[in-house]
Amino acid sequence: MSLRPQGTRGKCSGAGGWRLECSTPMERSPGQGPEEGERRLEPDPRTPHSSQEPSPYDESEVHDSFQQLIQEQSWRAAQEGLELQQRARQAAGSGQHTLLGSEGTHSAATLRILASMPSRTIGRSRGAIISQYYNRTVQLRRRSSRPLLGNLVRSARPSLRMYDLELDPRAQEEEEKQSLLVRELQSLAVAQRDHMLRGMPLSLAEKRSLREKSRTPRGKWRGQRGHGSIFSCCGWLRYACVLTLHSLGLALLSSLQALTPWRYALKRIGGQFGSSVLSYFLFLKTLLAFNALLLLLLLAFMVGPQAAFPPALPGPVPVCTGLELLTGAGCFTHTVMYYGHYSNATLNQPCAGPLEGGRCSPGAGSLPYNMPLAYLFTVGVGFFITCITLVYSMAHSFGESYRVGSTSGIHAITVFCSWDYKVTQKRASRLQQDNIRTRLKELLAEWQLRQSPRSVCRRLRQAAALGLTWLLCLGTALGCAVAVHVFSEFMIQSLEAAGKEAALLVLPLVVGLLNLGAPYLCRILAALEPHDSPVLEVYVAICRNLILKLAILGTLCYHWLGRRVGVLRGQCWEDFVGQELYRFLVMDFILMLLDTLFGELVWRIISEKKLKRRRKPEFDIARNVLELIYGQTLTWLGVLFSPLLPAVQIIKLLLVFYIKKASLLANCQAPRRPWLASHMSTVFLTLLCFPAFLGTAVFLCYAVWHVKPSGICGPFRTLDTMYEAGRVWVRHLEAGGPRVSWLPWVHQYLVENTFFVFLVSALLLAVIYLNIQVVRGQRKVICLLKEQISNEGEDKIFLINKLHSIYERKEREERSRRCPPNPYGPSLDGTYACHCWFDSMITACDLLNPPCQPHKGQYWLLMAGKWKNLPWVFLEFVCVLVSLVSARGCGAQ
Amino acid sequence: MGGSGSRLSKDLLAEYQDLTFLTKQEILLSMYVVSAPHLVDEQQARSGNEHTGTPIAERANRSPLSARAHKRFCELLPQEQQSVEASLRAQVSFEQILSLPELKANPFKERICRVFSTSPTRDSLSFEDFLDLLSVFSDTATPDIKSHYAFRIFDFDDDGTLNREDLSQLVNCLTGESEDTRLSASEMKQLVDNILEESDIDRDGTINLSEFQHVISRSPDFASSFKIVL
């Protein structure tokens, strides 16, 4: 192919030149000879329609005629729209069926029809929206099977969308649709109707008019607001009073707005740092709610009754020195704060209210308040409620984050969903733009990397680096665990020698320092390994951090329940564990403060003043969230031994909120990494539920079922295990009488009997298995549906092309009517040759005179108009000849 | 108090509540937000001295509503339009709306205003349009209506589908319009190709509303980020 014709082609097809593609001899795919220009004078035998269709004779009669029709059409199409097939062939070569070129190549009529296709109008036209919601309303009404109020013609309904030609706005049609919708709305209940209207993407005025219209006559009086009539005469005073009261109420309401906790703080954080950092603070708020719930229960059923009936103190109260705030020992020891203070007696209190577990059967008002039972049941119920809430919220966010059949549409999702509309600051907005740009570039680079597979050597190197870092990180975690174990053993021995209060703080300090330092080490190690995606990097960091924390906590749990119980024989070991957990919590808070101070404030000052860097330190969401989860785990671990620990945790969380917020606003900037906030909060909740809550539950169950409580203190001092309290109570109930005999039965057959547990877990497994199967089936259906949609899309493209060729034909017929006799004779083929000839002339003319791009049929008119200046025409004619000759020459080469 | 609160009659307020996703408080607040231009200046001043590193914690505690609601929606308007009916019919030009702190930094602010404007010339918002806007961007709005309006915002040429030009314009908005911040032509082409490949289910070269909603439904982050907190 020569350069010249290609240039011609590019120019003309850009200028809306279908005609050029169809008829210039040089326009064809490479590899085809110039002689094909002749072949197109008759139907192309290679065209898909004429060659692939089955023979009409072996079809039924109906098919026969249809076949004929198709053949006729395809023959015409072969004649007129050869370019169509050519392009289709090209598209088939590239494996994808696309529309012919861009939409600019279509004629105006085709474009109009294209634009009025229902799938396109729905995003734009009011009529389409109305009819869509009409359809939905009909569905809703049918589902709720309400009586039909209006006498509608049913057959008129389903095809509403087909009349959806918005470009030539037919007001009447829209009105018709509207009235249909109104009638449908009328048949709905008021609440349902309002709900429906609220969800419609229409403007308020339109919604209002729809509502006014769809109001049943009975309710119409509400619609008349009548501002004018109210001011008329006697009602004025009353109205003024009502108005004053009303506005007073409104004032109260709007001041309530200010009471919503941390509303502006959260808005500010969201505005400056985006959703990702906000998710940390929202998680903190969730934890606060969990603790508040737990604390409420504990206060109501344990701490309150115990505080109302204080037992006699065993000895003189030690004087508070201030160190107790850190150690939790000393004068705090014999208070409601710790397990040891609670009595094992029955408090002399009549049954005050419905307690958990059906303890207070109706009519048995004289049942006393049994403290051990209350202790056991309150903690149990508190944990049960927490568990239910956690699992529910986790399942909810799982359902939102992971949809069935969701495939990787990462580019589209990033572009459509990554802008955070909460951001209100110019600077933050610029930062967000930078982040999105980096993210998009990373995605593209990743995509290109995936297109070209990596070499084996590189992959090996990568795997080696990955394995090494994992090994090192796991080694670090193991080392930390061993260090904690060794140190705690050392503490047990040294504490026996000299029981100093300040020495109690050493173990929490060491553990806190390990907790603080090891993640930094892991982060340094992580810099060594190459990761494909930044999201994976975040997950890996979280995973390593979690393993570390779990290892340390596991060692500590062993230390408390395995070693301390033995060592502290004769003392109140529960009190000691409670105090220890309190110390860990406090130390965690202090170290977090120091970390915030040095890691964020001092680092910011250093990097700004000394290193002269513009960037502030990033807010590490993953690490901070894991710290929160760690703190929460400590709290849950300690609830049994120190019922007021949730209160301490609440105070800590409140302080953390304000400190982190201040530090964040002053010292930090949003993380550069893209952060899927919603996925992340799902991950956070999962982490909170699975390792943290589950581990705690196992720990507590072990403590309740297996560990012997200390003999000198606490509500269970006479029993072998804490669980004994429940058994004793059941035995007590058995003796109580026939009215509560079902409870021992329940206990005997459902709780003690293992068969029931097996049955329940088997059922659960069956349900899970069924669900997995259902999901698998849905996935298959989704795949099939997707295939079907893409087939439909191809059909659509085919129809559009067909439509276009028909329009094109019409246009040509009109033009040929105006066309003067051509040099090749009056036959059909001749007309085509005529077109070809004109086209080449126009092409040449276009080349010469870019702004002048006459339409094929208009060319003669143009020429006629130019008769007046004959010399120019002559010159043009020469140019045309020259261009033709040169094109031929180039094409022949 | 008793200013614009009483001007909005009870029935009208109830109606707004029924027809939008806003609560009573939010409707009143929106009245204040639209009507307090001095607040905008204050906010700008705040964000202006952000760099100096003055303690910011207490700045977040914005003054109570009654104190900052000096100027109201109606006071932006000429004297004769201050009755309820007139103030509801009155139009506020885009410049005033765009200077709101909530929209100021948004690259899509012009599109948002255009999509929600119901005036024939599409250059101003009435109070009800503004309520519509806030309703769609509120917490409680359904994902359906959010994605519908997101589609219309992204459809820059208002033709009912997202074609290649719309997509590249959208990407430009996301990355910054200027020469040095936008993606290169080849990157842009690649990106648009990938987006179409991923989301154009029926392969017609454009993304229509249902395809768009399909993509959005896979991203739960959309509903949490497509919000404007008043």
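In chain B of this predicted model, the loop between helix H9 (109–116) and strand S2 (124–126) holds B:Arg122. The phi angle of B:Arg122 is near 55 degrees, a positive value in a residue other than glycine. Such a value deserves a remark because most residues other than glycine have a negative phi. With a relative accessible area of 29%, B:Arg122 is partly exposed, since that class covers what lies between the 20% limit for buried and the 50% limit for exposed.

A second residue of chain B, B:Asp158, also has a positive phi, near 55 degrees, and is likewise not a glycine. B:Asp158 sits in the loop that joins helix H11 (143–154) to helix H12 (164–175) of chain B, and its relative accessible area of 33% makes B:Asp158 partly exposed.

An unreviewed UniProt entry places the feature "domain: EF-hand" at residues 142–177 and at residues 187–222 of chain B. Residues 142–177 of chain B are 67% helix and 0% strand, and the C-alpha atoms at the ends of this span lie 31 Å apart. For residues 187–222 of chain B the content is 67% helix and 0% strand, with the end C-alpha atoms 24 Å apart.

In chain A, the packing of helices can be followed through two pairs. Two packed helices are described by the angle between their axes and the distance between the axes. The axes of helix H7 (residues 108–115) and helix H29 (residues 754–818) of chain A come within 9 Å and cross at roughly 150 degrees. Because angles over 145 degrees count as roughly antiparallel, H7(A) and H29(A) are described in that way, and their crossing is right-handed. On the side of H7(A), the residues in contact are A:Ala109, A:Thr110, A:Ile113 and A:Leu114, which meet A:Ile800, A:Leu803, A:His804 and A:Tyr807 of H29(A). By class, this contact consists of 6 nonpolar and 2 polar residues, with no charged ones.

How do the axes of helix H27 (residues 724–736) and helix H28 (residues 742–752) of chain A cross? They come within 8 Å and cross at roughly 140 degrees, which makes H27(A) oblique to H28(A). H27(A) contributes A:Arg727, A:Trp729, A:Val730, A:Leu733 and A:Glu734 to the contact, while H28(A) contributes A:Leu743, A:Pro744, A:His747 and A:Glu752. The contact of H27(A) with H28(A) comprises 5 nonpolar, 1 polar and 3 charged residues.

Key
Residues numbered from 1 in each chain as written. Chains lettered and ligands numbered in written order. Predicted model: local features only at pLDDT ≥ 70, side-chain atom pairs only at ≥ 80, totals over all residues. Heavy atoms only, no water. Axes fitted to C-alpha atoms, helices over the stretch in contact; angles between N-to-C directions. Helix = DSSP H or I, 4+ residues; strand = E, 2+ residues; numbered from the N terminus. Parallel < 35°, antiparallel > 145°, perpendicular 65-115°, else oblique. Left-handed = near helix turned anticlockwise from the far one by under 90°. Contact = heavy atoms within 4.5 Å. Nonpolar A, V, L, I, M, F, W, Y, C, P; charged D, E, K, R; others polar. UniProt positions renumbered as here; feature names shortened; annotations may be inferred. Buried < 20%, exposed > 50% of the residue type's maximum accessible area, 1.4 Å probe, protein only.
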